Amino acid sequence: MGEKIKKIKKLKKIRIHREGTNTLFFSFLLAAAIAVGLWMGFETKIPFWCFVALFGSVWLVVLNFYRCPIRYYNGETEKIVVAPADGRIVVIEEVDEDEYFHDRRLMISIFMSPFNVHANWFPVDGKVLFVKHKDGNYHKAWLPKASEENEHADIMIETPEGEKVLCRQIAGAIARRIVTYAKDNEDCYIDEHLGFIKLGSRVDVFLPVGSEVCVKMGQPTTGDQTMIAKLA
């Protein structure tokens, strides 16, 4: 009985993100109409089954993309920085950040493939100081120049300890829509959704130099679960 309850609780933590409900619903209706036409319009059922196999595979990939797991960080959140996205670590380096901080920052970047969940979480507890959206190019998201040149949204957060952390949602070569739920002057917490990026993309986190890095290059991350750093 205890195992059954655990499975039910696990299922309740899996849902479809609101950004994908219309896409999934209307694409399913369109596909159903095409499938009926193929079934009734041809004596052989080969076109029907080919379409079902092809569309079914694509639709399941899109369904996986729009999954929206409900997650809770298991531990103290003071000075903790969690991964804002599912994916893998592609950058850990100190960079000169001249737009907001005008000093050196530790940048940790996570690349999301089309097969990852694309919901984004706040990386730290704190208060949103501002949100800025900037148009730009659509270079491949894992390239270094993508951080500055691609279309992106910047979310500046001040932690309870007074540290400023910048989280940047970046559009990639395929991703062309960034959705940001963060609002100026609102309190934010780990476990809350920061936004959503459609298809392959990337999220950068800019931290104070001296922060302890808790991940390594190429490491997979789970949004809101993987601790990527500790603030000094």
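Predicted model: local features only at pLDDT ≥ 70, side-chain atom pairs only at ≥ 80, totals over all residues.
The bridge partner of A153 in β7 is Q169. Strand β7 covers residues 164-171 and pairs with β6 in the antiparallel sense, with 7 bridges between the two. Together β6 and β7 make a hairpin in which 5 residues lie between the strands. G162 sits in the turn of this hairpin and has a positive phi of about 95 degrees.

Strand β6 also pairs with β5, which spans residues 126-134. These two strands run antiparallel and are joined by 7 bridges. Within this pairing, K127 is placed opposite E158 of β6. Strand β6 itself, residues 152-158, is mostly covered, with 6 of its 7 residues buried.

## The sheet of β1, β14 and β12

An open sheet of 3 strands is arranged in the order β1-β14-β12, and its pairing is antiparallel. The edge positions are taken by β1 (80-82) and β12 (212-213); each has a single partner strand, so one side of each has no neighbour in the sheet.

The pairing of β12 with β14, residues 227-230, is antiparallel and consists of 2 bridges. Across this pairing, E212 faces K230 in β14. As background, strands of a sheet pair through backbone hydrogen bonds, in a parallel or an antiparallel sense.

## V81 in strand β1

Strand β1 contains V81. Is V81 buried or exposed? V81 counts as buried because its relative accessibility is 0%, and the cut-off for buried is under 20%.

Along the chain, V81 and M227 are 146 residues apart, yet their C-alpha atoms are separated by 5.8 Å. M227 is also one of the contacts of V81 when neighbours within four places in sequence are left aside. Other contacts of V81 counted in this way include T226, I228, A229 and L231. Also among them are P123 and V124, as well as V205 and L207.

## Confidence in the model

The chain has a mean pLDDT of 84, and 82% of its residues reach 70 or more. Which residues have a pLDDT that stays under 50? This applies to residues 1-12, for which the model has 1 contact beyond four places in sequence.

Note on methods
Residues numbered from 1 in each chain as written. Heavy atoms only, no water. Buried < 20%, exposed > 50% of the residue type's maximum accessible area, 1.4 Å probe, protein only. Helix = DSSP H or I, 4+ residues; strand = E, 2+ residues; numbered from the N terminus. Pairing = 2+ DSSP bridges. pLDDT = per-residue confidence, 0-100. Contact = heavy atoms within 4.5 Å.
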